[in-house]
Amino acid sequence: MLSLLYQEGPSTKGIFRRSGSAKTFKELKEKLDSGTEVDLACESIFVTASLFKDFLRNIPGSILSSQLCDKWVSVLDQGNNEEKIKSIQRLIEHLPRANVVLLRYIFGVLHGIEMRSEENQMNAFNLAVCIAPSLLWPPVSSTPDIESEFIKKITSLVQFLIENCCRIFGDEITSLFGEI
C-alpha cells in the first residue's frame, strides 16, 4: 500500500482526502482481513489510501501509542523547533521498533506527496488533517469539545512531523522507496 501511495500519491489530486468506492473498500478489506492475496495496483489509489488509513486506525493503542498521548500533544508547547524535534525523537525511542519503521515509511510517503503539493493540493496541513486522527487517539473517550481540541493539537503535531520529517527521521527518508 505504501509503495503504491508513494508512487501515485504525489500526482493524485486530493490523495487521502477523497475516498474511493465504499463497496470496493469493503470487499478489499474483507479479502485482506482473510489473508487473500490482493493486487492493489488494479484498484483506485483512493481505495488504497482509505484502506491504509483504516489499517492505521486498527493498530491497537495507535501507532504513536495512546500511552504517550499527553506527551505527544504537549510537544508543540515546547520552545523552538530544535527542542520540539529533540522531544519528538525522544518520544519515538519509546515506541516499539515496528511502529518506528512504519512511521518512517509513512512520513516518507507524506513528504513525497507534500513536495508536490502544487500538483496534488495536499500540503502538510491538508495531509495532517486527513491522516492525524489515524495516527493517535486518546486512551479513553471524552466529550466532543475535548476531542475536537485534541484533534486540533494532533493535526498540528502531524503537520510539524511532515514539515520536519527529514530532520526527525533522517534525510534517507526521501529514498526509502527508491525512485518514483
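At what angle do the axes of α6 and α9 cross, and within what distance do they come? In this predicted model, the two axes cross at roughly 80° and come within 9 Å. Because angles of 65 to 115 degrees count as roughly perpendicular, α6 is described as roughly perpendicular to α9. On the α6 side, the contact is formed by Phe107, Leu110, His111 and Glu114, and on the α9 side by Val158, Leu161 and Ile162. Sorted by class, the residues of this contact comprise five nonpolar, one polar and one charged. Helix α9 covers residues 144-163, and Glu147 is located within this helix. Glu147 counts as partly exposed because its relative accessibility is 38%. Between the C-alpha atoms of Glu147 and Gly108 the distance is 28 Å, with 39 residues separating the two in sequence.

Helix α6 also packs against helix α8. The former spans residues 97-115 and the latter residues 124-135; their axes lie 10 Å apart, at an angle of about 155°. Since angles over 145 degrees count as roughly antiparallel, this description applies to α6 and α8. The crossing of the two helices is right-handed. From α6, the residues in contact are Ile106, Phe107, Leu110, Ile113 and Glu114, and these meet Ala124, Leu127, Ile131 and Leu135 of α8. Eight of the residues in the contact of α6 with α8 are nonpolar, none is polar and one is charged. Phe107, Leu110 and Glu114 of α6 take part in the contact with α8, and Phe107, Leu110 and Glu114 are likewise listed in the contact with α9.

A further helix pair is formed by α2 and α3. The axes of these helices come within 10 Å, with a crossing angle of roughly 55°. This angle makes α2 oblique to α3, and the crossing is right-handed. Helix α2 contributes Thr24, Phe25, Leu28, Lys29 and Leu32 to the contact, while α3 contributes Val47, Ser50, Leu51 and Asp54. By class, five residues of the contact between α2 and α3 are nonpolar, two are polar and two are charged.

Helix α3 is mostly covered, as 11 of its 13 residues are buried. The buried residues are Ile45, Phe46, Val47, Thr48, Ala49, Ser50, Leu51, Phe52, Lys53, Asp54 and Leu56. Among the elements that cover them are α1 (2-8), α2 (22-34), α6 and α8. The residues that α3 brings to its contact with α2, namely Val47, Ser50, Leu51 and Asp54, are included in the buried set.

When residues up to four places away in sequence are not counted, Thr48 touches Met1, Leu5 and Leu40. Ala49, also placed in α3, has a relative accessible area of 1% and is therefore buried. With residues up to four places away in sequence again left out, the contacts of Ala49 are Leu5, Ile15 and Phe16. The C-alpha atom of Ala49 is separated by 8.8 Å from that of Gly9, a residue 40 positions away along the chain.

Positive phi values were found at two loop positions. Ser65 belongs to the loop between α3 and α4 (69-74), and its phi is near 75°, a positive value in a residue other than glycine. Ser65 is buried because its relative accessible area is 14%, the cut-off for this class being under 20%. Gln121 lies in the loop between α7 (117-120) and α8. The phi of Gln121 is near 60°, again a positive value in a residue other than glycine. Gln121 has 39% relative accessibility and therefore counts as partly exposed.

Methods
Residues numbered from 1 in each chain as written. Predicted model: local features only at pLDDT ≥ 70, side-chain atom pairs only at ≥ 80, totals over all residues. Heavy atoms only, no water. Contact = heavy atoms within 4.5 Å. Axes fitted to C-alpha atoms, helices over the stretch in contact; angles between N-to-C directions. Helix = DSSP H or I, 4+ residues; strand = E, 2+ residues; numbered from the N terminus. Parallel < 35°, antiparallel > 145°, perpendicular 65-115°, else oblique. Left-handed = near helix turned anticlockwise from the far one by under 90°. Nonpolar A, V, L, I, M, F, W, Y, C, P; charged D, E, K, R; others polar. Buried < 20%, exposed > 50% of the residue type's maximum accessible area, 1.4 Å probe, protein only.
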